[in-house]
Amino acid sequence: MAQATLAAATSEEAAQLKTTLTPLGAERNGNKEGTIPAWTGGYTQPMPGYEPGGRRPDPFASDKPLYSVTAQNLAQHADKISDGHQAMFRKYPNYRIDVYPTRRTAAAPQWVYDNTFRNATQARTANNGVSVSGAYGGIPFPIPKTGSEAMWNHILTWQGEAARWLFQTWIVTADGKRLISSDSVIDYQYPYYYKEGSLETFKGDYMVLRLVTEGPPQKAGEAIVARYPTDMVGVGPRLWQYLAGQRRVRKLPNALYDTPSFVTAGISNFDEIWVFGGPQDRYDWKLVGKKEMLIPYNNNKLLQPSKIDAAMSERFLNPDQMRWELHRVWVVEATLADGKRHVMPKRRFYLDEDTWLAVLADGWDQKGQLWKTFWYQPVLASELPGVIGSSFGHYNLQTGDWIANHMVSEKPNHISFQKRLPDSYFTGEAMAGESVR
């Protein structure tokens with residue numbers, strides 16, 4: 001039976017989205033120390049030198065670090081660094097975090113703000129967070145009351161209507177050897193954010209995607225279609241895979257939870273993609289509260305190297321190419337629900353208050369030992385306008401292997417926001433009809 005549904009906010013609370021809160025639910029004011037500025041509308045002007053579809057520039061390239069966190073001064077900054085990244089300093093003495101001035105660049109179109117305001121009083125979750133209803137075209141729970149609501153904000157964060165990515169996925173083994181897992185093109189589409197759409201016309205799939213693998217040679221020609229619904233009860237994400245060697249399309253039965261993802265050669269599980277994705281019913285979710293944290297942000301700097309050797313060092317992303325800033329984040333903890341199983345029984349997520357992206361996360365194993373630390377790189381895309389999730393991955397703190405997904409360094413084009421493709425393009429039948437290898 002479905003659990004009772006709860007409204008996220010009263011009309012009086014929702015009114016704060018036009019006064020003390022930003023239109024997406026963050027605090028408008030800065031902090032008392034002045035190290036986090038007030039939000040004044042975000043970054044919406046064109047980026048100098050940017051040609052749509054080309055390599056995305058860094059509008060803050062002239063910024064200098066305020067300070068660096070190292071293994072030697074970690075204790076001075078530990079209260080603002082996640083457990084996982086504190087462990088990175090202990091494991092790798094040459095790890096470094098360069099902290100830059102905080103820039104609250106997050107923004108969205110006015111129609112997204114308007115939809116978010118409507119969602120605040122009408123959105124609901126049910127079935128232990130597995131489904132959400134009453135939301136469309138904006139952040140569903142800008143004033144969250146539960147951890148599950150906050151995670152739906154991450155899942156339904158604003159990323160535009162349609163985009164094409166050219167990217168590579170890299171795996172680094174425990175002995176430091178870097179291997180390419182996938183060289184791919186992916187089309188994302190977000191029916192939940194169709195500008196002319198509405199709650200009444202929304203058909204239920206918040207995101208659809210189609211990925212075509214171009215390399216390495218043994219994987220060339222493989223393809224995936226996926227559809228992600230807002231109601232995952234008994235369904236979850238639906239994925240179809242085309243295998244070039246078999247020349248056939250098959251529907252994947254278990255592409256969710258802690259099933260290892262074949263896209264990442266089993267290094268990541270399906271619900272670790274984009275830090276977290278998929279049904280929430282394996283966990284009990286707790287909204288711990290908000291705190292100030294050092295997080296990757298406005299990290300267009302990571303997009304600048306044209307060679308992967310400059311973007312990735314042996315054990316972690318190259319600190320010279322990383323931008324960290326001080327921001328407020330929502331902390332959400334997930335613990336294994338009674339009667340459920342998962343290889344990672346405890347997880348903690350850090351959601352940027354301005355975008356709702358889960359920019360960092362940590363996971364513990366069955367013995368209670370810290371296991372993986374996850375990251376999601378927010379980059380500025382002022383033409384949307386918005387700050388969107390870019391590269392994502394994790395470091396295995398026990399074995400030393402790690403993965404970097406959606407890396408664009410060696411691609412002439414990065415992220416192209418484009419006209420929408422027909423919905424029929426995102427089906428197993430269409431993929432079968434176009435697959436020729």
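**Exercise 1.** Determine which residue forms a salt bridge with aspartate 83, and where the two partners lie.

*Solution.* Aspartate 83 pairs with arginine 348 in a salt bridge, with the closest N and O atoms 3.1 Å apart; the term denotes a side-chain nitrogen of Lys or Arg within 4 Å of a carboxyl oxygen of Asp or Glu. The pair links distant parts of the chain, 265 residues apart: aspartate 83 belongs to helix H3 (residues 83-91) and arginine 348 to strand E13 (residues 346-352). Helices (H or I, at least four residues) and strands (E, at least two) are DSSP runs, numbered from the N terminus.

The model is predicted: local features need pLDDT of at least 70, side-chain atom pairs count only at pLDDT 80 or more, and totals for chains, interfaces and linings use all residues. Residues are numbered from 1 along each chain as its sequence is written, and side-chain values use heavy atoms, with hydrogens and water left out.

**Exercise 2.** Classify aspartate 83 and arginine 348 as buried, partly exposed or exposed.

*Solution.* Buried means under 20% relative accessible area, exposed over 50%, and partly exposed in between (1.4 Å probe, protein chains only). Aspartate 83, at 31%, is partly exposed. Arginine 348, at 13%, is buried.

**Exercise 3.** Identify the salt-bridge partner of lysine 290 and the network that includes lysine 290.

*Solution.* The partner is glutamate 353, with the closest N and O atoms 3.0 Å apart. Lysine 290 lies in strand E11 (residues 283-296) and glutamate 353 in the loop between E13 and strand E14 (358-364), so the bridge ties together parts 63 residues apart in sequence. Salt bridges that share partners join Glu27, Arg104, Lys290, Arg328, Glu353 and Asp354 into one network.
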